[in-house]
Amino acid sequence: YNNIITSPRKEGELDGPKEVHIILLDNNRSQMLSDPHYYRALSCIRCGTCLNHCPVYDKIGGHAYLSTYPGPIGEVISPQIFGLNKFSPMLDLCSLCGRCSEVCPVQIPLAELIRDLRSERVGQGRKSVVGTDVTTQNPAEIKAMAQFASLATNPSKWRFVLSLAGVFAPLGKVFAPFVPLLKTWVKYREFPQISGGLHKKVSQMQGVIYE
Ligand code: SF4
């Protein structure tokens with residue numbers, strides 16, 4: 001922000017403050033400024049364009065961002081000011097559609113910075129953000145993503161698992177409401193239909209039998 005303020009009232013002047021106190025709050029901004037990457041967020045002029053173009057902010061409004069900095073710029077600023085360990089969940093609000101980066105008049109690469117903060121959160125960044133410690137990393141999530149990466153980079157394993165998933169998905173639909181990690185999720189959503197693989201073949205066979 002830029003503020004133009006007057007000095008204390010001079011001798012003989014009728015108007016103006018008797019005293020002026022200036023309190024500068026750093027709030028980790030010096031740290032942001034020294035970061036070769038994240039310093040760009042400090043160019044923000046608070047025009048609000050990124051908020052108005054963000055499809056997520058459009059639906060959920062400003063209070064969901066839990067600080068005075070809502071929208072895409074809030075997702076970049078708040079974790080750095082208040083700590084990544086406290087504000088990292090807000091990074092999940094972003095769909096990384098990139099509209100904010102396109103419309104920002106001072107060309108802050110917001111989507112890129114949000115993605116980098118996500119890397120910091122799981123310990124793959126430079127650990128340059130305040131509050132980046134082990135408490136932000138979920139060991140189960142790290143293990144699950146490592147397993148997923150090993151499957152997704154091996155085509156034969158991937159096809160095999162997908163064919164099994166196609167067979168067991170209908171069972172998942174039945175049992176998901178009783179599985180602790182899944183039950184809240186399926187309370188509000190349909191269990192996904194997985195097509196292809198054995199499931200498709202079984203359906204085709206069923207089709208032939210019914211015909
Ligand atoms: S569009 Fe850019 S300058 Fe405007 S509020 Fe968002 S980040 Fe700040």
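User: What counts as a nonpolar core here?
Analyst: A nonpolar core is a set of buried Ala, Val, Leu, Ile, Met, Phe, Trp, Tyr and Cys residues joined through side-chain atoms within 4.5 Å. Buried means under 20% relative accessible area, exposed is over 50%, and partly exposed lies in between (1.4 Å probe, protein chains only). The model is predicted: local features need pLDDT of at least 70, side-chain atom pairs count only at pLDDT 80 or more, and totals for chains, interfaces and linings use all residues. Residues are numbered from 1 along each chain as its sequence is written, and side-chain values use heavy atoms, with hydrogens and water left out.

User: OK, how many residues does the largest core have?
Analyst: The largest nonpolar core has 21 residues. Those with the most contacts inside it are A41, I73, V76, I77, L110 and L117.

User: And which residues are in the second core?
Analyst: That separate core has five residues, including V56, Y65, F87 and M90.

User: Switching to R121. Buried or exposed?
Analyst: R121 is buried, with a relative accessible area of 12%. The side chains of R121 and D92 are joined by a polar contact of 2.9 Å (a pair of N or O atoms within 3.5 Å; within protein, one must be able to donate a hydrogen and the other to accept it, and residues adjacent in sequence count only if both atoms are side-chain atoms).

User: How accessible is C97?
Analyst: C97 is partly exposed, with a relative accessible area of 42%.
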